[in-house]
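Subject: Structure handover

Hello,

Here is the structure I promised to pass on. Please open it first, then read the notes below it.

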Amino acid sequence: MVNYWLEGLKIAIQPNNLILMLIGTIGGIIVGALPGVTSSMGIILLLPFTYYLDPKSAMLMLAGMYSGSMFGGSISAILLGVPGTPSASATLLDGYPLGKQGKGGKAILTALYASTAGGILSGIVLVFLAPELAKFALRFSPVDYFALSIFGLTIIASVSGRYLVKGLIAGILGLFISTVGVENIRGSTRFTFGIPALTAGFELLPVLIGVFAIAEILLELEQREKEYKIQHTLTSSFLSWEEIKSLLIPILVGAVIGITIGIIPGTGGTIATYLAYNELRRWSKNKQKFGKGAIEGVAVVECANNAVTGGALVPTLALGVPGDVVTAVMLGAMILIGVRPGPLLFQARPDLIYSFFAGWFIIQFMMLGTGFISSLTAPYILKIPKNILMPIVLVFAIIGSFAIRNSLYDVAVAIIFGLIGYFMRKHNFPQAPLVLGVILGPMAETNLNRALILSRNDWSILVRSPISLTLLILSVLSIVFAVISFRKESK
């Protein structure tokens with residue numbers, strides 16, 4: 001174990017990897033700070049650059065983008081009252097009032113300290129919990145993997161929010177897309193309509209670029225008249241010792257709730273932040289301060305927000321089941337760069353896993369340094385007009401699609417899925433279920449076929465394995481819980 005850590009640290013501190021982590025972190029902060037450019041889009045836009053990198057370096061760069069974007073979302077929430085990412089929406093409850101009071105710099109630094117603490121604490125949990133979960137998952141047979149993929153697909157119900165039916169439709173569409181091409185057991189072609197290019201199915205990256213990036217660009221360009229202006233200046237940036245001490249409890253509350261929620265598949269940062277904010281406010285002696293500019297409110301939200309990152313990576317790395325929407329995109333990114341998350345990854349690639357663990361902690365300190373600078377430069381970054389920014393992002397998206405195989409076909413796929421994603425956003429169809437269907441569909445199909453071959457088409461094998469039976473019961477409970485939540489929200 002010590003040897004793995006030393007080897008991982010040695011890889012992480014190589015100069016090229018440090019530079020890549022720094023670029024990823026800075027890019028993540030910028031992406032997170034820009035309203036309309038989400039963490040998922042940032043990871044997708046980074047993919048073409050990581051595609052030809054060594055997988056260890058690519059993973060570190062993606063981790064930088066993931067962590068940086070979660071903090072970056074707080075900047076626009078505090079300065080503009082517009083959260084850069086959905087999970088930063090709770091930050092503006094106290095962050096924006098602080099900004100309007102001329103204490104935006106202090107609020108951003110509070111968010112930075114809390115985000116760093118959340119990232120480090122969740123990283124510790126990731127390091128200790130993910131390998132143990134992976135060891136347990138090594139006992140899985142094909143039928144257990146099938147049940148696991150079904151459990152992963154039930155996340156669709158959770159990430160669909162108020163649009164449960166539309167989420168299910170999107171998930172079915174994703175499963176259908178995953179069946180296009182050559183069937184992996186018998187080798188027959190499906191839904192290719194005589195088009196040779198469809199034989200290999202759809203490349204995941206153009207699908208992701210289209211559904212998330214191009215669709216978002218089209219929507220932002222449609223609303224380009226809506227520009228944001230910073231109405232106040234940054235003063236009183238530094239926190240006093242008393243203020244720093246007052247952040248300890250909020251950070252502890254945010255870390256515990258953020259990590260716990262992050263580990264549960266299908267939850268995500270938004271739920272964690274509001275839950276942490278509500279609990280801190282409930283037990284606080286100064287309830288009246290919340291909502292009017294309490295730095296404790298900013299700290300608990302931002303700590304929970306970043307604590308989700310490490311927590312959500314536990315099931316993603318150990319089981320190949322994403323913890324939330326962003327890790328669903330991360331899962332796709334890992335597959336594209338040749339990393340197959342799951343229990344075998346911990347045995348086959350300890351160099352990659354432990355360099356990722358070591359890099360994760362380095363990234364948190366990089367975020368601390370670059371985040372401090374960003375608190376001074378953020379007002380200038382946020383002044384970039386959308387009619388300049390979005391065309392640049394579109395060019396990167398198209399180049400990224402083309403660069404996979406130097407193929408215009410992939411560009412066409414990205415554009416077509418961009419239009420599909422645009423339609424989905426306009427009509428409130430959540431996009432994450434479609435991606436989950438595309439990623440988990442082949443895993444479910446392959447392992448079901450293997451299980452049935454081994455059992456000679458005996459379907460009772462699905463409930464004879466204790467692990468499979470447990471996962472299927474959890475799948476049913478997950479759906480029931482989502483339906484109950486949906487009904488409560490509908491009332």
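Two notes on the source. This is a predicted model, in which local features need pLDDT of at least 70 and side-chain atom pairs count only at pLDDT 80 or more, while totals for chains, interfaces and linings use all residues. Residues are numbered from 1 along each chain as its sequence is written, and side-chain values use heavy atoms, with hydrogens and water left out.

Which helix gives the largest share of the lining? That is α20, with nine residues. Elements that supply at least two residues each include α9 (164-179), α15 (325-336) and α20 (432-454). Helices here are DSSP runs (H or I, at least four residues), and strands are E runs of at least two, numbered from the N terminus.

By class, the lining has 22 nonpolar, ten polar and six charged residues. Ala, Val, Leu, Ile, Met, Phe, Trp, Tyr, Cys and Pro count as nonpolar; Asp, Glu, Lys and Arg count as charged; the others, Gly among them, are polar.

Asn449 also sits in α20.

**Two helices**

The expected span of a helix is 1.5 Å times one less than its number of residues. Helix α6 (residues 104-137) has 34 residues and should span 50 Å; its end C-alpha atoms are 46 Å apart, which agrees. α6 bends by about 25° at Leu126. The bend is the angle between axes fitted to the seven residues ending there and the seven starting there.

Helix α12 (residues 248-263) has 16 residues and should span 22 Å; its ends are 23 Å apart, C-alpha to C-alpha, which agrees too. Its buried residues include Pro250, Ile251 and Gly254. Buried means under 20% relative accessible area, exposed over 50%, and partly exposed in between (1.4 Å probe, protein chains only).

**Salt bridges**

Side chains of opposite charge can pair when their charged atoms come close. A salt bridge needs a side-chain nitrogen of Lys or Arg within 4 Å of a carboxyl oxygen of Asp or Glu. The count comes to eight.

Lys106 and Glu243 form one of them (3.2 Å, N to O). This pair links distant parts of the chain: Lys106 is in α6, Glu243 is in α11 (residues 241-246), and they are 137 residues apart. Is Lys106 buried or exposed? Lys106 is buried, because its relative accessible area is 11%.

Lys56 pairs with Asp54 (3.5 Å, N to O). Lys56 is buried at 15%, whereas Asp54 is partly exposed at 37%. Arg349 pairs with Asp351 (3.3 Å, N to O). Salt bridges with shared partners join Asp54, Lys56, Arg349 and Asp351 into one network.

Best wishes
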